[in-house]
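Work through the exercises below with the sequence and the structure in view. Try each task before reading its solution.

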Protein chains: 2
Amino acid sequence: MSSRIETGKPTIRSVADRADVAISTVSRVVNGGGASALIRRRVQRAIDELGYSPSVAAQSLVTRRTGCIGLAVNSSQSPWFSQILAGVEEALGPSRKSVLLASMMLTGEYQAGAVAAWIQERRVDGLILVRYSKRDEPLFLAAERMGLPVVLIAPDVTAPAELTVRCNNVEAGGLVARHLAELGHRRVGFAGGPRESVDTRQRLEGLSAGLSERGIELDPRQIWFGQGYARESGIAYAKSFLEQKRGDRPSAVVLGNDTMALGFMRTVLQHGLHVPRDVSIVGFDGTPDGDQCWPGLTTVAQPTRRMGADACRALLRRVDSPGEEQRTAVEYGVEMLVRESTA
Amino acid sequence: MSSRIETGKPTIRSVADRADVAISTVSRVVNGGGASALIRRRVQRAIDELGYSPSVAAQSLVTRRTGCIGLAVNSSQSPWFSQILAGVEEALGPSRKSVLLASMMLTGEYQAGAVAAWIQERRVDGLILVRYSKRDEPLFLAAERMGLPVVLIAPDVTAPAELTVRCNNVEAGGLVARHLAELGHRRVGFAGGPRESVDTRQRLEGLSAGLSERGIELDPRQIWFGQGYARESGIAYAKSFLEQKRGDRPSAVVLGNDTMALGFMRTVLQHGLHVPRDVSIVGFDGTPDGDQCWPGLTTVAQPTRRMGADACRALLRRVDSPGEEQRTAVEYGVEMLVRESTA
DNA sequence: AATAGTCACGGAAACGTTTCCAATCTGCGG
DNA sequence: CCGCAGATTGGAAACGTTTCCGTGACTATT
C-alpha cells in the first residue's frame, strides 16, 4: 500500500490501493480481462467511489491508438459537407471514438499542415479525406507511409485507399440530359465548377453524351467554368447569362452543384426573370438547401449522408482490425429529384 | 550509444543517438530551450534525416495538455453553427491546436456522454459549449470540477463560465419592431422556437416591448411556439397561418430564426402568396442562407463567426495561461439586415 | 588570480497505462 | 495424499516524452 498522498485526479494506482489489489488487476477489470467476481466487485466499487477513469494519454502511449479519427475537408461551410459530417457522426455513434476536424477553408495551406501533423504525431487512428484532389497527394502518401488507414470521399481513384467512396457523376449528368430532353429543351447551358475538377468533368461528360444521344448538341459557347463551387460562381455565371440577348440564352442551364445553382437562381429571379418559365435550372448533390427556396431546385441527389456513414464505418472496421488490407472503391447511384425549377 | 535496432517510427531516442547527445538535449532543441548553435544544428539535422516528430501521446502524458479543444453543439447541420465553427477554426489557425467535435444531433444523449468522457479522460484542454441549456448543466459542472476551462456560446448566464458569449436578443427584437412599425405594419405575428427557449423569450420580449412603444400591441393569438428551430417549425406555422382567413392574417410575421423563416417563406410562396406584398417576413441570426433565396430574407444579423472566433480565442488564452481565472460575459450587438422579404 | 555566477549538457525520475511473465492458489484425477 | 493443469493475481518492464537537478566549463567581477 502506497503512502502517497491521494490528491488530484484519481489514477489507476489510487484505485489499486483502495481496492487493495495490484495495478495490473485494476487494468484487467477495466478492460474486461479475467478476474474473480469478488475482486471485480471490490475494484469496481473503488472505481465508483473515486470516480476514476483512465487517462487516454497514458493509454494511447502504450496501445498506440488514440481513439480519434481525422476528418479533413475543403470547406466546413458547404451543406454538402454538413451531410457528410452528419453521416460520419452517425456511424461514429456507438464506437466511443471521436472526430478531429480540419477544414481547409480559406487557410487551405495551413490546414493541410495540420493534417500532416496529425499523421506525423499519430494523433489519429485513421483519416477521412473529403474532396481529395491532386493537391492533397502528399497527405495521402504520408498517411500510407505511417500505416494509417485512409478513406477517400472523392471522385478520383488514382490513389487506391482503403476505401474510395464516390457517386456516379456520369450517370448524374445522363439523368439531367434525359430530364431536360423530355421537357423539350433544345438549348442547354452548362456552368461547372473549376475546369480541372473531376466532378465537373464527369458531370459534363454525362450530360453531353446524354444530350447528343437524343439528338441535342451542347453548344460549346454555352459551356462555362467557375473558380470554385461557391455561390459566387453561380452569381458570376448569372451575370454573363443575363448579358446575352434574350433569344441567345439557353432555355435550361445546368450548374456544377446546388450551391452554384442557388446563386444563379437567386440572381436571375432578382433580375425579374421567372423560373422555370424563362429558364430552367438544374443542380447537383441534392443538398437540403435546394428545398429551402421557392421554386425548389431540381437536382440530382446523391446519398451524401450515407456516403459519410459508410466511409466512417469502413474506416472504423479497418482501424479496429488491422492487418486485413483490402482497398476497395464504392460507387453510389444517384437519383433525379424533380422540383419546381425545371419545366 | 544504444545498440537497439532502429526500426519503426523514430523516437526522441533515435534522434539523440544519431546526433550523439542526450535525449534531454533533443527535447530542449525541439521545444526551443537553451542550446548552443552547434548542438542545435546537429540535432536538427538528425531530426530532418530521421523525419522525427514527437509523439503527442507521450507529450500529453507528462505535460497534461492534449492540444485539443472540444466543441459541443446541438446540431452540426444548422448554418448558424457552421458559422460558429468557421470562427472557431479561424481562431484556431495559428495555434497548432485541433478541434474535437461532438454534435448532439439526433443522438443527443449519447453525444453528451461522449463529451462527459472527454472531460473525465482529459482528452481536451478546454471546452466550447454551444447553445448550452439547462439540460447540459451536468457537463458544465463536470468540466468545472476537473478544472477544465469552459466557454459558453449561449444566451443564458446562470452558470458563470470562463467566458459567456451571447448577443443581445432583446435589442434584436426591438430592431424588428422598429423596422416593421416604420413600414406601417399594425398586425404582427410571432412564431418562435420552443416556448422555454431563452433566445425565443428574449426576442419576443424585445419585439413586444418595441411594438407597444409605438402603440402596436402584439395579439396573443398571433404568438406561436414551435418544437424546435428547424425548418419544419416554420412550415408548421405556415400551415396554421394559411388556415386563417385572409383578413385575419397578420401583415408581417417574425420567425424564431432564419431557418424557420425560410421554411415559412418557402411554404407561403408555394401556396401562391406573394412576399412581401401578401406578408412580410423577418428572421433572426443573419445566416448566409437568408441571402440565398429570392426574395432575400430580412433578418437581424449577429456576428456569428466573430462570436465563434472570440470564444475560441478566449478559451485558448485561458488554456495557455492557467491560473488567471476571470469569468466574463460578452454581449454582441446586432444589426438589422433589410432585404426583400419586408415591405 | 581566485571565486562566484552563467550556461550547456547529461542523467534520471516522473507521467499513467498495458502487457508479459512468474508466482500462487484452486480443484481434480490418479 | 501427491502432482499437475488452469485460472487468478502481483511485479515489473515497457511506451516516449518533459523536467528537475547536478556537474563541468566558461565568463565576469573584485
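**Exercise 1. Find how strand E2 of chain A is joined to E2(B), and in which sense the two run.**

Step 1. Strand E2 (residues 98–103) of chain A is joined to E2(B) by three bridges, and the two run antiparallel. Two strands pair if DSSP finds at least two bridges between them. Helices (H or I, at least four residues) and strands (E, at least two) are DSSP runs, numbered from the N terminus.

Step 2. Opposite A:Leu100 stands B:Leu100 in E2(B).

A note on the model: it is predicted, and local features need pLDDT of at least 70, side-chain atom pairs count only at pLDDT 80 or more, while totals for chains, interfaces and linings use all residues. Residues are numbered from 1 along each chain as its sequence is written, and chains are lettered from A and ligands numbered from 1 in the order in which they are written.

**Exercise 2. Give the strand order of the open sheet of twelve strands and name its edge strands.**

Step 1. The order is E11(A)-E5(A)-E4(A)-E3(A)-E1(A)-E2(A)-E2(B)-E1(B)-E3(B)-E4(B)-E5(B)-E11(B), and the pairing is mixed.

Step 2. Strand E11 (328–332) of chain A and strand E11 (328–332) of chain B are the edge strands, as each pairs on one side only.

Step 3. On average, neighbouring strands of this sheet are turned by 20° against each other, direction ignored.

Step 4. Within chain B, strand E1 (residues 68–73) and E2(B) pair in the parallel sense over six bridges. B:Ala72 has B:Ala102 in E2(B) as its bridge partner.

**Exercise 3. Describe how helices H2 and H3 of chain A pack.**

Step 1. Helix H2 (residues 23–30) and helix H3 (residues 37–50) of chain A pack at about 90°, with their axes 10 Å apart. Axes are lines fitted to C-alpha atoms, for helices over the stretch in contact, and angles run from 0 to 180 degrees between N-to-C directions.

Step 2. H2(A) is therefore roughly perpendicular to H3(A) (the word covers 65 to 115 degrees).

Step 3. A:Thr25, A:Val26 and A:Val29 in H2(A) touch A:Ile39, A:Arg40, A:Val43 and A:Gln44 in H3(A). These residues are four nonpolar, two polar and one charged.

**Exercise 4. List the closest residues around each DNA strand.**

Step 1. Around DNA strand C there are 28 residues, and the closest are A:Ile12, A:Ser24, A:Ser27, B:Ser24 and B:Gly34. A residue is near a strand if its C-beta atom, placed from the backbone, lies within 6 Å of it.

Step 2. Around DNA strand D there are 27 residues, of which A:Ala22, A:Ser24, B:Ile12, B:Ser24 and B:Ser27 come nearest.

Note on methods
Parallel < 35°, antiparallel > 145°, perpendicular 65-115°, else oblique. Contact = placed C-beta atoms within 7 Å. Nonpolar A, V, L, I, M, F, W, Y, C, P; charged D, E, K, R; others polar.
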